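Visitor: I would like a close look at one part of this model, the salt bridges and their surroundings. Please talk me through it at whatever length it needs.

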Amino acid sequence: MNLKLRALTKSIWVFHVSAGSCNNCDIETLDCFTPRFDVERFGIQLIGSVRHADALLITGAMNKKSIPRMKKVYGQAPKPCFVIACGTCACSQHMFRDSYNVGEPLDKILPVDVYIPGCPPKPEAIIAGIVKLVDKVRKGK
Amino acid sequence: MKSLFSYLIFPGFLFSACVGLMAGWFDRKVSARLQWRIGPPWHQNFTDIIKLLGKEVIVPKGSQLTFLLSPYLGLIAAVLVATGLGRSIISPLASFSGDLIVVLYLLTIPAVALIIGASASRNPLASVGASREMKLVLGYELPFILSIIALIIKSKGVIQIGQVIIYQSIFGSNFFSLSGALAFLVIIFCMQAKLGLSPFEISEAEQEIMGGTLIEYSGLPLAVFKLTKAIMLYTLPLFVIILFFGRDLSSVFLIAKYLMLILIIVLIKNTNPRLRIDQALKFFWGPVTLSALIAVGLALLGR
């Protein structure tokens, strides 16, 4: 395993994108950075700009308005960039599946690396998902 | 050859970058402990830099060449200051007369580089950040230079860093006088603003303007900006130690003083919310400049 990949998995900067979620996943995501869970121990940081991102954490079912924006945001992130689908809405559109304003599911639009189910997922589940992502990257796709 | 060595390796780039990154880790660890967290491992900042070197560099459409060149401008200036200060500590009289003024100029250049880079990136939020940084520079430079003038008067008008050190080793540290203590108080605030830390991180406000001046940077240029910041975190406290606590600069005392100063910076950072830009300007041009002027007056009276 090369140095670049090792460094990447040791300092993942997460850009948090809400594609029309109900805010529960967002709150649980922020819980990961509180003293009880403290993911900064593993070098994970929330950052403000997409240009600094190593991972996009996407919450919410994608509606027709947010699909083009989501593609744009993914295009703006420097590669290699991972996509994390956080919450059942982002994974499989949950109860919005046949809704009139919901388009394609997330994994038809962006290459999703890890799915974190749950409504909302507990912070433990989010951390477990990120551990799976790190394992996957280290073993090389 | 020897000057190249000292620029690139020992008191210069490599050494100051390592110390600065470790100081950055100290900052993050202490912040984490203050918030009852555990905090990152010691190699975290090195890992961040290595990771950024491996990322893609995105250049926004229509941005100028200055977008990619300005990070290096800041880095070169910061490394030059680090080299000069390091050499002055090792052999105080090797430098030329007036290097204090050169250092004062060079310390402004990283902020100027940030402004140039942000303006070249054609991003509205970056231009907001650049304008804030510009106003902040105008705000803190006046009291910063005034308090250093107070020190120059205090040490009988020498403008060479080595001679300031020698003066203090004979007559005692500048801090232990009325004007020195006041000037130190002023310089603590200016240092906070120069480092872009919390009450004055107005130009970079992550929650508000999404990274501000650094918003369009990714990969290598971002890593260079982070390195510049780390080197400034090494250089500025060292500069302040030389000016105010220059009596005993043997290595143990130097490290202890440096850690104390970083601790003060981190505590200020963690206990103060971010100010608005107008509040910061009022703060710097009001009470802080006034105290600096009083310090100059006291120094003229010989206190």
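Guide: Over all chains the count comes to 11 salt bridges, a salt bridge being a side-chain nitrogen of Lys or Arg within 4 Å of a carboxyl oxygen of Asp or Glu. Between chain A and chain B the count is 6. This is a predicted model, in which local features need pLDDT of at least 70 and side-chain atom pairs count only at pLDDT 80 or more, while totals for chains, interfaces and linings use all residues. Residues are numbered from 1 along each chain as its sequence is written, chains are lettered from A and ligands numbered from 1 in the order in which they are written, and side-chain values use heavy atoms, with hydrogens and water left out.

Let's start with R28(B), whose side chain meets that of E40(A) in a salt bridge (3.0 Å, N to O). This pair crosses between chains: R28(B) is in helix α2 (residues 13-34) of chain B, and E40(A) is in the loop between α2 (24-31) and β2 (45-46) of chain A. Helices (H or I, at least four residues) and strands (E, at least two) are DSSP runs, numbered from the N terminus. R28(B) is buried, with a relative accessible area of 12%, and E40(A) counts as buried at 10% relative accessibility; the word means under 20% relative accessible area, with exposed over 50% and partly exposed in between (1.4 Å probe, protein chains only).

R28(B) also forms a salt bridge with D48(B), their closest N and O atoms being 3.2 Å apart. Here distant parts of the chain are linked, with D48(B) in helix α3 and R28(B) in helix α2 of chain B, 20 residues apart. Both D48(B) and R28(B) are buried. Through shared partners, salt bridges join D38(A), E40(A), R28(B), R37(B) and D48(B) into one network.

Leaving aside residues up to four places away in sequence, Q44(B) touches K10(A), S11(A), F42(A), G43(A) and R28(B), where contact means heavy atoms within 4.5 Å.

Another pair is K55(B) and D54(A), whose side chains meet in a salt bridge (2.8 Å, N to O). K55(B) lies in the loop between α3 and α4 of chain B and D54(A) in the loop between β2 and β3 (55-59) of chain A, so the pair joins two chains. K55(B) is buried, with a relative accessible area of 8%, and D54(A) counts as buried at 0%. R51(A) and E216(B) also meet through their side chains in a salt bridge (2.7 Å, N to O).

Now for the interface as a whole: 29 residues of chain A are in contact with 27 residues of chain B. The two chains bury about 2300 Å² between them, 56% of it on carbon and sulfur atoms; buried area is the accessible area (1.4 Å probe) that two parts lose on being put together, summed over both.

For contrast, turn to L65(B), in the loop between α3 (44-53) and α4 of chain B. At 61% relative accessibility, L65(B) counts as exposed.
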